[in-house]
Amino acid sequence: MPSKAELTVDRSAQLRSKQHEIATACRIAAYRGLCEDVLGHISSRHDGGLLVRCRGREESGLLFTRPDDVLMTDGDGRLAEADDGYSVPNEIHIHTEILNARPDVDVVLHAHPPAVVALDLAGLELAPVVGAYNIPASRMARDGIPVYPRSVLVNTPELGRELVAALGQKSVCVLRGHGLVTTGGTVAEALSRALNVDALARMILKAASTGDAPVSLPEADLTQLPNLGSGFNDEQIWRFQAACLAAAGLAIPDPD
């Protein structure tokens with residue numbers, strides 16, 4: 001049986017690893033244009049609490065997130081320990097209310113992809129207009145992607161619960177005039193869903209720029225599209241995106 005000291009070291013290593021993972025996801029989200037500057041955040045359940053990307057005095061944006069920017073809060077979004085200069089996101093209730101309502105969700109991502117916002121404001125739907133080009137996006141669109149119709153800052157528990165009601169049991173929700181929220185069982189899953197929705201939005205906007213909005217694929221074609229599983233959809237995409245960060249000189253050194 002591991003000693004108390006060994007268990008403490010193991011929990012500390014798990015914490016550092018999760019902070020590194022969330023920080024890397026924040027950098028990927030920014031590098032891929034999901035978050036343009038200092039706006040956006042990712043959270044994950046951890047050790048009975050919530051790890052979330054916070055803002056400090058030397059805030060320089062999502063692209064430069066450090067593991068130390070990812071801090072532990074309680075279930076209500078309060079910092080577990082006083083961290084001088086750090087504060088939780090104004091929209092922490094996006095995370096707390098979704099995680100309180102959805103035991104099937106472990107990770108919540110909130111971002112401001114311009115293509116997703118523009119598509120919704122233009123009155124276009126995230127419809128399943130592509131097939132094998134992006135199977136995860138097609139499957140999400142086929143199942144329906146809900147829209148939270150208010151363009152408010154989700155900075156109260158009540159507004160957070162409104163968003164939860166709009167999200168329902170889906171994995172993604174568009175926030176009108178604001179951005180999107182994705183959920184997942186892992187950081188990689190929540191991130192890949194956001195990237196896929198953004199890719200779909202950009203493709204629809206590009207197609208619509210020719211004068212006509214693209215039409216949904218036939219049901220027979222959509223039904224044929226398989227679920228290739230998290231190993232392909234999430235893990236391989238995570239490794240690719242992390243490698244892109246490294247090639248750009250933006251990778252975070254591995255935790256000790």
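In helix H4, which spans residues 135-143, the buried residues are Ile135, Ala137, Ser138, Met140 and Ala141; buried means under 20% relative accessible area, exposed over 50% and partly exposed in between, with a 1.4 Å probe and protein chains only. Helices (H or I, at least four residues) and strands (E, at least two) are DSSP runs, numbered from the N terminus. The structure is a predicted model, in which local features need pLDDT of at least 70 and side-chain atom pairs count only at pLDDT 80 or more, while totals for chains, interfaces and linings use all residues. Residues are numbered from 1 along each chain as its sequence is written, and side-chain values use heavy atoms, with hydrogens and water left out.

An α-helix has 3.6 residues a turn, so residues three or four places apart point the same way. The buried residues of H4 pack against strand S6 (172-175), helix H6 (187-208) and helix H7 (219-224), where contact means heavy atoms within 4.5 Å. At the N-terminal end, H4 is capped by Asn134, which has a side-chain oxygen 2.9 Å from the backbone nitrogen of Ala137.

The protein contains eight helices and seven strands. Its radius of gyration is 18 Å, close to the 18 Å that the globule rule gives for 256 residues, so the protein is as compact as a globular protein of that length. This radius is taken over C-alpha atoms, and the globule rule is 2.2 Å times the number of residues to the power 0.38. Along the principal axes, the C-alpha atoms fill a box of roughly 60 × 35 × 35 Å. Of the 256 residues, 46% count as buried. Among contacts between residues at least 6 apart in sequence, 70% join residues at least 24 apart.

The strands form an open sheet of seven, in the order S3-S2-S1-S4-S7-S6-S5 and with mixed pairing. Strand S3 (70-73) and strand S5 (147-148) are at the edges with a single partner strand each, so one side of each has no neighbour in the sheet. Two strands pair if DSSP finds at least two bridges between them. S5 and S6 are paired in the parallel sense over two bridges, and Tyr148 has Leu175 in S6 as its bridge partner.

Strand S1 (residues 41-46) runs antiparallel to S2 and is joined to it by four bridges, with Ser44 opposite Leu51. The two strands form a hairpin with two residues between them, and Asp47 in the turn has a positive phi of about 50°. S2 is also joined to S3 by four bridges, again in an antiparallel arrangement, and here Leu50 stands opposite Thr73. In a regular strand the side chains alternate between the two faces of the sheet. Both faces of S2 are covered, with Gly49, Leu51 and Arg53 buried on one side and Leu50 and Val52 on the other.

Helix H6 lies across S4, S6 and strand S7 (179-184), and runs at about 145° to S7. For such angles, axes are lines fitted to C-alpha atoms, for helices over the stretch in contact, and angles run from 0 to 180 degrees between N-to-C directions.

A nonpolar core is a set of buried Ala, Val, Leu, Ile, Met, Phe, Trp, Tyr and Cys residues joined through side-chain atoms within 4.5 Å. The largest such core has 44 residues, of which Leu34, Leu109, Leu126, Leu191, Val197 and Leu200 touch the most other members. At least two residues of this core come from each of helix H1 (4-31), strand S4 (107-111), helix H3 (114-121), H4, S6, H6 and helix H8 (230-247). H6 gives the largest share, ten residues. A second, separate core has 20 residues, including Val154, Leu163, Cys173 and Val181.

Ala23, in helix H1, has a relative accessible area of 0%. Apart from neighbours within four places in sequence, Ala23 is in contact with Thr65, Arg66, Pro67, Val70 and Ile252. His178 is located in the loop between S6 and S7, with a relative accessible area of 9%. The side chain of His178 forms polar contacts with the side chains of Glu91, at 3.4 Å, and His110, at 3.1 Å. A polar contact is a pair of N or O atoms within 3.5 Å; within protein, one must be able to donate a hydrogen and the other to accept it, and residues adjacent in sequence count only if both atoms are side-chain atoms.
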